[in-house]
Amino acid sequence: MAGFVIRRVLGGIVVLWLISVITFLLFFLVPKTLGSNPAVLFAGRAPSEAAIAGVTKKLGLDQPLVVQYWHFLKGIFVGRHFDAGPDKTWCPPPCFGYSFKNSEPVWTEITRALPITVSLAFGAAVLFLVSGVGVGIVSALNRGRLVDRAAMTVALGAVSLPVYFTGLVLLLLVSYQWRLFPNIHYVAFLDSPLLWARNLLPAWIVLAFLYSAMYARLTRASMLDVLGEDYIRTARAKGLPERTVVGKHALRAALTPVITIFGLDLGSLLGGAVLTETTFGFRGLGKTSIEAISTGDLPTILGVTIFAAAFVVLANILVDVFYAVVDPRVRPT
Amino acid sequence: MTTEPESAVAADSAGATAAKENQPYLDVRDLRVTFRTDDGDVHAVNGLSFGLERGRTLGIVGESGSGKSAASLAVMGLQRGRRTTVSGEIWLDGENLVTASAERVRSLRGREMAMIFQDPLSAMHPYFKVGDQIIEAYRVHHDVSKKAAKTRAVELLDRVGIPDARRRVDSYPHEFSGGMRQRAMIAMALSCDPSLLIADEPTTALDVTVQAQILDLLNDLQKEFNSAIIIITHDLGVVAEIADEVLVMYAGNAVEHGGVQEIFSAPQHPYTWGLLSSITRLDRTRADRLRAVPGNPPSLIAVPAGCPFHPRCQYADLAGPATRTERPTLETVAPGHRVACHLPAEARVRIFREEVAPSL
């Protein structure tokens, strides 16, 4: 088992490295081939030739791409100097680049945005996992009955409604109309857990609304699949009470794929819930990257992308390990 | 006012005991299982009656969709879906399971009656250890410690011929071979010494050598526990090997029921002839090796009128017009041998002797 985990982690590191190479190439090569110069982007409005040359030197854009990538990679571990004559900038490790737009290391931006994204993702995850799986199970056990049809109709609606619609409607109602949650802004958990939860709750609900609908449908389908399995018939044939058949035999098998998807969803949510963050004005990773894209802040996009990818890779590893723990058939021996 | 219900109860219980005395251990009467579907009602079992004593083995044969499995699942009380209707009577040791509460039938399931399924891989939960699944089956019905139940599980695995049972008890189903899994399934079914064991195609998924071992095992266990066994199969070889009696099913009903000797040496129903002829014979010419019963099993939504087999029966013309309009009932033709066929009795005997038997 330890060997399995180590192999998975090593594999994950390789994947991350590949992602860093590809994103690096995309962000530094594509502008070049399109004829736009990244240096111009950093040099401010209507830059002079000298300013562009300065930025080019400072960012090392005059060096071969391989060398540029090497500096980038090294910076993550040992930090990096951006020097151009008297103009010196120090980016401490882990240096995921330096945002000249915001005049701060990308890492600072990430660490500022991360707690917001993590708060949003985990709170919503708890909500949608509990409600989605709960509704899915109830629906499956009452297949075809009114409660099932009603739940699945609502779920279909919820899946179809975009977050920026449900989010705005909810905001309008609870924040502006009824003033239950006025002036929503992020409060750090450590400052005030109560305010933290109070400010995040509407966003959690909006995000969970969408996801719990998907999870309800997924759980229902998985549960119905499993309930039709031969081993469920065997469990009944043994004379087990129905609650054991459903609660132990069916649930364990039915929830495995749900937990798998959950791990991956959580991984990508941690990379930033762009629409929800934007709708509620939380500067999480999603909103940070959207802003970076709109201002052409390449180092930030690069840093956040790699960071988000790391979450997805980590989630994948955790899901694989989880699967091996739950299902003896995939357990390495 | 007060005496009336009492006497009614007394009469009832007297009737029940009277019935019990000359009633076989398992007594199925006019069993009907109907599934409601969007296309119409599926009459999976359509008025099936048979009895079975302890210590005897009944082989139920018939094509896919003849109602073999539906009937046995009904006996087990596993046909209680919302779209399923079960009617008729299923008496097990003097108790009618059709009218008994679901909870009562559950408490009998696994203890008094147990079932073995066709595919032992899919019939065991892939996430739980073989031993734990047996322990669970034992502990539902016995209030014992986990440790005692585990000892029991090891004993059972050992009894059904699993080598090194003490170690294998902690294996997962996928770590067993097909034959071992079926042995483990049998061990699980036997955990509570059931007096009725239903085996639904227990050897279909196994290779031939393992098949024989499993049948031997069932035979031995029956001698040991004196249980009644129902073995559902479409393999007449299996029936010949293990069964005392044979019930031939067609379109949800019994068409012939008799001792294994009669069924193999003097079968009277054209469908039984068809089944016997369809046994693959390597000593015949290649073209003649596999003789199928012509046609397809009937739709169970619109079962043909009259004898349900008549559209496929090559002797239907000899049976008179009733065969197209009237459903034949099971008639006793010899002690313990019943047939449902409109053909005149002499014609059946003659056709089998002159036309069917020589080519078998």
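**Exercises on a predicted two-chain model**

A:Arg112 is found in helix H5 (residues 106–141) of chain A; helices (H or I, at least four residues) and strands (E, at least two) are DSSP runs, numbered from the N terminus. The model is predicted, so local features need pLDDT of at least 70 and side-chain atom pairs count only at pLDDT 80 or more, while totals for chains, interfaces and linings use all residues. Residues are numbered from 1 along each chain as its sequence is written, chains are lettered from A in the order in which they are written, and side-chain values use heavy atoms, with hydrogens and water left out.

**Exercise 1.** Determine whether A:Arg112 is buried, partly exposed or exposed, and name its contacts.

*Solution.* 
- Step 1: Buried means under 20% relative accessible area, exposed over 50%, and partly exposed in between (1.4 Å probe, protein chains only).
- Step 2: A:Arg112 has 41% relative accessibility and therefore counts as partly exposed.
- Step 3: Leaving aside neighbours within four places in sequence, A:Arg112 is in contact (heavy atoms within 4.5 Å) with A:Glu104 and A:Arg283.

**Exercise 2.** Describe the sheet of chain B and the helix that packs on it.

*Solution.* 
- Step 1: Two strands pair if DSSP finds at least two bridges between them.
- Step 2: In chain B, 8 strands form an open sheet of mixed pairing, in the order E6-E7-E8-E3-E9-E10-E12-E11.
- Step 3: Strand E6 (113–116) and strand E11 (331–334) of chain B are the edge strands, each pairing on one side only.
- Step 4: Strand E3 (residues 57–61) and strand E9 (residues 245–250) of chain B run parallel and are joined by 4 bridges; B:Gly59 stands opposite B:Val246 in E9(B).
- Step 5: Helix H11 (residues 270–277) of chain B packs on the sheet and touches E3, E9 and strand E10 (253–259) of chain B. Its direction makes about 105° with that of E9(B), where axes are lines fitted to C-alpha atoms, for helices over the stretch in contact, and angles run from 0 to 180 degrees between N-to-C directions.
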